[in-house]
Amino acid sequence: MTQPTQPTQPLDPEMFDPVCPSPLVPFRVGDKWATLILRCLQDGPRRFSELKVPIRGITSKSLTQSLRGLERDGFVTRTAYETPERRVEYALTPLGRGLLGPLDAACAWTREHWDELIDAQEAGTEA
């Protein structure tokens, strides 16, 4: 039986700034939470409860739906361990890991165009 892996460090609760530009990234993988989940998994497998720490505002239902979608699309694997206490971990697949580079590029682009994106969103809400 495979033993659960131990991540090197806990996820930083401040990993995502409340005014994080992620909602402004002009493309989506999965749903609005998917890219944040991918970031949380970039350093290794994580448990469900660990993923909720830095992703403020996500409900358990939304996290479950996002993880299922990422798993269905081949970006994440779910591994259940039958240790004395049941344990489930989520990890990036090679396909999911391949998204990290394009995600870095999209985040850099978003940072460069932050003001323009904010202005466009505000103009759109006024209409």
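Here is a guided walk through this structure, from the whole chain down to single residues. The model is predicted, so local features need pLDDT of at least 70 and side-chain atom pairs count only at pLDDT 80 or more, while totals for chains, interfaces and linings use all residues. Residues are numbered from 1 along each chain as its sequence is written, and side-chain values use heavy atoms, leaving out hydrogens and water.

Let's begin with the overall plan. The chain has six helices and three strands; these are DSSP runs numbered from the N terminus, with helices (H or I) of at least four residues and strands (E) of at least two. Starting at the N terminus, the elements follow the order α-β-α-α-β-β-α-α-α. Of the 127 residues in the chain, 37% are buried (under 20% relative accessible area, with exposed over 50% and partly exposed in between, using a 1.4 Å probe and protein chains only).

Now look at the strands. They form an open sheet in the order S1-S3-S2, with antiparallel pairing; two strands pair if DSSP finds at least two bridges between them. Strand S1 (46-47) and strand S2 (76-82) are at the edges, each with a single partner strand, so one side of each has no neighbour in the sheet. Seven bridges join S2 to strand S3 (residues 86-92) in the antiparallel sense. Two examples let you trace this pairing: Thr77 has Ala91 of S3 as its bridge partner, and Arg78 has Tyr90 of S3. S2 and S3 also form a hairpin, with three residues between them.

Next, find helix H1 (residues 34-41) and helix H3 (residues 60-72), which pack at an angle of about 75 degrees with their axes 10 Å apart. Axes here are lines fitted to C-alpha atoms, for helices over the stretch in contact, and angles run from 0 to 180 degrees between N-to-C directions. H1 and H3 are therefore roughly perpendicular to each other (65 to 115 degrees; under 35 is roughly parallel, over 145 roughly antiparallel and the rest oblique). Ala34, Ile37 and Leu38 of H1 make the contact with Leu63, Ser66, Leu67 and Leu70 of H3, where contact means heavy atoms within 4.5 Å.
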